[in-house]
Structures are given as C-alpha cells and as structure tokens.
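Welcome, and please open the structure in your viewer. We will go from stop to stop, selecting a few residues each time.

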Amino acid sequence: MKDISKNNVDRLSLEELELLIERYFEGETSNEEELRLRKELCVSTYRSRLIDECLVAMGYFSIGKRVEREKKARAGVVMLRRVAGVAAMIAVVLVLGLTMLSPNDFFNEGDCVAYVNGEKISDKDVVITLIANDLSCMNEAISEDRNSILEEFSAIKAVLNE
C-alpha cells in the first residue's frame, strides 16, 4: 500500500481508499491521514457503500461543527449588543441621576421643559417627576437585561464546560 500519511499527489486505488476509510471509522487514522481522506473523497470518482457512508459521516461532522461555530458567533454578537445597550443605559442613568441630585446647578428658570403627547410642560417639579419615572423604568429594564445576560453567560459556560 502507498504511504498515505504523506501529501503526495498519487490517487488512491479503490482498495486503498476503502482500507483508509475502515481505519478512519476505527479511529486509527492520524490527522494527516484524515485530511488526505477528505481530499481524496472530494476528487474520487469511485463509488461504494463504504465510500458513501464515509461521505455522509464526514458531512454530518462538518455540518455539526459549522452549526456550533455559527451559534457561538451569533451568541457573541447578541451578547455584545446587549452589553453595549446596558452600558449606554447606565451612562444615561448616571448623567440624569447626577442632574437630579443637584438640579439647581443644571436647570435655570425657563430651561426645564418637557413635551408629553405634544403638550409643553414647563413646571420644574413635574418635569423632574417625569424624568424620575423614566429613570425608574430604565432601571427595571437594565435589571431585566442584566438577568438575561447572566443567564446567557451561564449557558455559554455550561457549553464550554462540556
């Protein structure tokens, strides 16, 4: 039999190819031999039940690996978006919170205006109450996002630990 561990350009015979496939199914091939088998199957014109089984098995493995990579990539993007959203919300809350702690430093007469349903509200106390309510809603949303992110991190950790 030819030395199939080397990347030579000689094509395997049907018998050699089937022997290599049998060794592959028994887990006795090296990484180089498995790569050679994959390449050989891509260009081979031989057909047999064993070759077809190997093509199916290798196809399922490569599809499974691709699906897992895509899931991890999507999870990373979703996670990044959520973290960025939470960071932006925290920045808004901090700025507005600091504004509320010392409103006299930030608001001058006539500067405190809000529009609700197209109606102008210029009463400083009402505007500050509206802002406080909005901040409370944002705080709840941040808590929900935080819990969701922690759940996703736990799921990722479980997958990585498998």
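Select Glu 152, which is partly exposed, with a relative accessible area of 22%. Keep in mind that this is a predicted model.

## Along helix H5

Next, select residues 124-161, the 38 residues of helix H5. At 1.5 Å a residue, H5 should span 56 Å, and its end C-alpha atoms are 54 Å apart, which agrees. Color the buried residues of H5, among them Val 127, Leu 135 and Ile 149. At the start of H5, look for Asp 123: one of its side-chain oxygens comes within 3.2 Å of the backbone nitrogen of Asp 125.

## One turn of helix H2

Move to Glu 34 and Arg 38, whose side chains meet in a salt bridge (3.2 Å, N to O). They are four residues apart in helix H2, so about one helical turn separates them.

Finally, select Arg 11, Arg 36 and Glu 40, which are linked in a network of salt bridges. Between Arg 11 and Glu 40, the N to O distance is 3.3 Å. Arg 11 lies in the segment before helix H1 (14-25) and Glu 40 in helix H2 (residues 31-43), so this pair ties together parts 29 residues apart in sequence. Is Glu 40 buried or exposed? At 2% relative accessibility, Glu 40 counts as buried, while Arg 11 is partly exposed at 47%.

Key. Residues numbered from 1 in each chain as written. Predicted model: local features only at pLDDT ≥ 70, side-chain atom pairs only at ≥ 80, totals over all residues. Heavy atoms only, no water. Helix = DSSP H or I, 4+ residues; strand = E, 2+ residues; numbered from the N terminus. Expected span 1.5 Å × (residues − 1). Buried < 20%, exposed > 50% of the residue type's maximum accessible area, 1.4 Å probe, protein only. Polar contact = N/O pair within 3.5 Å; in protein donor to acceptor, adjacent residues only side chain to side chain. Salt bridge = Lys/Arg side-chain N within 4 Å of Asp/Glu carboxyl O.
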